[in-house]
Amino acid sequence: MSNCKEFGRVSIFATCVVNHLFPNVAFSVARVLERCSVAVDVEETQACCGQPFFNMGYWKDAGRLAKKFLASYGDTTEKIVVPSGSCVSMIRNHYPQLFAEETDLLSQSKEIASRTFEFTEYLELLFENNCIPKIDSPGEDFHQYRVTYHEACHLSRELGIKSSPRKILKSFPRIDLVEMDKAEVCCGFGGTFSVKYPEISSAMLDDKIESILETKASTVTACDASCLMNIEGGLKKKGAQITTLHIAEVVDAVMSGAVQV
Amino acid sequence: MRASTQYFKQKSTETLHDLKIQENLAGLYPGFHEARIKASSDTEDWDQLKERGRRIKAHTLDHLDYYLELLEKNVTNAGGVVVFADTAKDASEYVTKLAKSRGVKSVVKSKSMLSEEMSLNHHLEIQGIEPIETDLGEYIVQLAGETPYHIIAPAIHKSSEEVAALFSEKIGTEPTLGIEDLTEVARKQLREKFISADMGITGGNFMVADTGTLALVTNEGNGRMCTSMPRIHVAIVGMEKVIPSITDLGLFLRLLIRSATGQWISSYVTTVSGPKRSKDIDGPEEFHLVIVDNGRSRILADPVLRESLYCLRCGACLNACPVYRKVGGHSYGWVYPGPIGAVISPMLTGLSRGKDLPFASTLCGSCKEACPVKIDIPKMLLYLRNQLSEGTHYRSERTSGLLERAISMFCGRLLGSQNATAKAVKFLGKVLKIFPKRIFPFLQGWTRFRDLPEIPEQSFIERWRDSRHIDNVDGGDDGNSEK
Amino acid sequence: MGIVRNSNKFIERVRSAVAEGKAGGDSITESSFSESNDSVRKRVSSILADAELAWETMFENLYPVAETAGWHVSRVSGPEDILAYIEPLVVKAGTKKIVTTAQKAVSEIDFSHLLGHLELSITEINNTGNTAPSDLRSRAIDADIGITGVEYAIAETGTCVLSADDETGRLVGLAPPIHIALVKRGQVLSTLDDLFVIRKLQFFDENLPAYTNLISGPSRSADIEYTLVTGVHGPGDVHMLLIG
């Protein structure tokens with residue numbers, strides 16, 4: 001696996017939700033990458049990518065944050081790995097809109113976007129280059145994790161990432177991936193939508209929870225912590241006995257129980 | 001139709017609590033949404049067809065004046081009358097004056113969303129002319145005194161029991177009729193009306209410029225009836241419905257019909273190129289094509305919003321929208337509901353009045369994925385949000401107050417600093433521990449339905465900084481998740 | 001109605017809106033809008049030649065699609081076969097009145113055989129002036145079966161193309177609950193697009209029909225609870241006979 005070191009170093013952009021509310025997710029990202037022989041940095045000046053403000057229509061405020069993002073990541077060539085589809089979509093698809101009138105910033109943002117990856121997107125690159133360590137076959141201490149996967153909207157429809165997460169999950173024999181009905185339907189979070197239109201949001205969440213519980217999985221996972229925060233909040237309120245984990249945490253847990261081959 | 005877009009929150013909440021409607025709305029996903037997906041995946045090069053359709057629409061709007069003039073010329077040469085109506089009011093005026101002058105007593109109508117914009121039925125009624133809706137779904141909502149619930153299935157919110165009760169009340173039939181019997185009742189009732197009507201009013205799915213042809217896509221046969229039985233045919237169509245050539249019609253029929261109902265083709269596609277020719281055995285003596293603006297030119301003039309005029313009115317975005325599937329058509333407060341409605345209803349009836357509509361979306365993107373001409377609805381919703389918050393194109397219709405803008409600016413600056421945000425979050429965490437959560441109205445939206453996440457002691461960056469390394473591969477004590 | 005018919009003001013407003021909101025993407029190659037008369041004529045000749053030469057294949061292609069679309073389809077060899085097909089239909093439905101168009105495909109059939117022993121009235125809807133138009137209209141409305149030929153049929157979609165003209169009234173294939181469409185060799189086109197190229201040529205040659213219906217099955221609706229019902233306002237029972 002020595003050629004994997006050629007992947008160089010990557011920098012983790014944690015995102016607001018992970019950074020401040022679910023720090024374990026970022027640690028899982030770091031551990032998984034290190035197990036794949038990828039060295040990890042964390043840019044300590046990182047802050048919000050600006051998406052919530054962009055979505056609310058406050059593009060001036062979003063622009064200020066976007067500029068800060070460019071400043072934080074502009075002077076390296078490192079790849080940036082992000083445990084969130086919506087933040088990557090912001091950087092890849094919407095920064096050009098914010099910088100439409102400013103050519104220098106526009107080209108800088110395009111350059112940075114070209115080396116920004118969602119976590120499973122990056123893992124798939126590693127996977128294709130055989131950089132993910134093989135996990136031993138199930139032995140005596142084998143645990144089968146029955147996991148179901150929720151498709152985050154920006155990840156699947158704005159970035160087109162639908163198969164990578166499933167591929168990654170399926171690559172571990174310890175994971176029994178169970179597809180839920182209507183996996184591609186929105187969980188109802190939508191940022192401020194969840195508090196501006198709480199009844200609609202919770203009605204959508206109820207449907208999502210119904211789909212999840214029908215699978216009888218022990219864990220529900222996704223690539224976006226904001227979706228999971230919404231889903232977990234609803235599951236806990238209903239007292240449902242199912243664990244909510246970010247996909248990085250799932251992969252981390254499976255790998256940490258592994259004997260390297 | 002009078003717009004009541006400002007009641008979105010109220011109406012959507014009512015609909016959410018109506019269990020019967022929720023049951024009927026749940027049928028949209030398997031009934032229409034999955035049917036469309038199947039039909040489009042059975043079609044070769046579906047994506048290419050969508051791309052072509054989009055480009056032709058873009059081109060047409062870039063030369064709309066040219067194509068409208070060509071259309072007018074060709075329809076007029078064939079003996080039709082073309083009328084350009086600036087507003088819905090002008091269009092209604094023309095139609096009612098025409099009807100009066102021709103001694104029209106009753107009018108049979110094939111489905112037209114534009115006629116809802118015009119409140120045409122109301123205007124005919126006050127002139128003593130009887131308008132009769134003949135599309136089964138429209139007939140039902142007309143009897144019920146309601147407005148259409150969905151672009152292509154106007155009565156989809158009603159169960160068959162409700163329809164049976166409605167027919168019983170208004171027509172005097174047995175209150176327990178099943179769907180087939182109900183349809184038979186409608187058939188009999190409306191047949192008499194078709195036979196005796198003096199005028200047929202239809203909408204139009206496409207207006208073809210190079211041959212001066214109107215195309216109607218229907219399944220029931222009422223479109224054929226309305227254009228065959230009465231002596232006058234009036235078509236009212238939005239000006240954006242024009243396509244350049246008859247040779248484009250095949251493409252658009254495929255895009256529209258598969259996206260609307262999942263059929264390969266509808267039972268009927270009717271093409272009208274003027275009134276009956278003198279040698280024809282039968283048919284309307286007069287054909288009037290009323291082409292309506294009613295605010296569409298304002299949308300046309302906006303480079304971002306212009307693509308909303310590509311809309312084929314297939315309803316696919318409604319069926320794909322997880323919000324529409326919960327709140328239904330009436331919540332949107334005007335003729336056009338769902339994702340496309342969230343853009344054009346405010347633009348056509350007042351942006352500030354309809355300010356909720358662009359925000360009542362999670363921007364999940366299902367609408368864009370479903371659209372047969374790839375309209376980027378999320379992009380337009382974001383644009384409208386920007387215009388309502390701080391934009392300059394529709395300054396007089398901006399709705400966000402100084403307080404909201406100040407909050408955004410404050411939070412923007414706060415979130416620009418890793419440290420400041422971390423401190424604020426921790427502070428919030430402490431406050432939440434001390435004070436009961438229901439004090440915070442903003443959080444109530446969350447806490448009524450969900451538990452709040454736990455606020456950790458330290459942020460990721462802070463812990464990273466402190467530890468400066470991560471534990472080795474064989475597990476460690478640094479925040480290993482439990483399963 | 002003077003104000004409303006001021007097309008200049010309307011078009012001017014559209015013109016300036018077009019300019020103001022221009023997003024780019026001017027020319028397209030996708031539309032054959034500006035295709036030349038000659039090119040269209042060539043295409044049509046080739047389409048019609050194919051339809052003639054490959055009539056048997058066209059019938060084979062059309063058959064299953066039309067059935068899936070909801071037609072009762074049958075291959076018949078000529079007028080006798082057609083009568084043999086219609087007779088049990090008439091008996092089963094208790095038919096008393098039939099209306100037909102004056103198209104060749106129908107007028108070639110000698111209905112006297114049926115007329116004799118089955119007590120039927122068969123009226124041809126035409127404009128020879130022998131019967132008053134209002135009378136013809138009532139007969140079409142009261143009829144149990146309508147028999148028409150077709151202008152074309154389309155294999156891609158299982159469609160009969162029916163255009164109104166001096167031989168074809170609008171009500172024959174619409175008003176009665178049963179519609180029988182007779183399709184002759186050489187009338188079947190491959191695709192919708194083929195039909196529309198023909199229309200373009202007809203427009204050039206100034207003989208575009210004023211009124212056409214593309215009929216692809218029985219009248220239907222799913223407006224109540226997504227449940228499919230047939231025979232709403234148009235015929236619920238449709239038959240396509242492929243002659244040849």
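Colleague: What makes up the secondary structure of chain A, and how are helices and strands assigned?

Modeller: Chain A holds 13 helices and eight strands; helices (H or I, at least four residues) and strands (E, at least two) are DSSP runs, numbered from the N terminus. This is a predicted model, in which local features need pLDDT of at least 70 and side-chain atom pairs count only at pLDDT 80 or more, while totals for chains, interfaces and linings use all residues. Residues are numbered from 1 along each chain as its sequence is written, and chains are lettered from A in the order in which they are written.

Colleague: How do you know that the radius of gyration of chain A agrees with that of a compact globule?

Modeller: The radius is taken over C-alpha atoms, and the globule rule is 2.2 Å times the number of residues to the power 0.38. For 261 residues a compact globule would have a value near 18 Å; chain A has 18 Å, so the two agree.

Colleague: What share of chain A is called buried, and by which criterion?

Modeller: Of the 261 residues, 59% are buried, that is, 20 or more other C-beta atoms, placed from the backbone, lie within 10 Å of the residue's own.

Colleague: How many residues of chains A and B are in contact?

Modeller: Contact requires C-beta atoms, placed from the backbone, within 7 Å; 64 residues of chain A meet this with 57 of chain B. Helix H2 (residues 23-35) of chain A gives the most to that side of chain A, with eight residues.

Colleague: Which chains have no contact with each other?

Modeller: Chain A and chain C, whose closest C-alpha atoms lie 15 Å apart.

Key: Contact = placed C-beta atoms within 7 Å. Buried ≥ 20, exposed ≤ 12 C-beta atoms within 10 Å, placed from the backbone.
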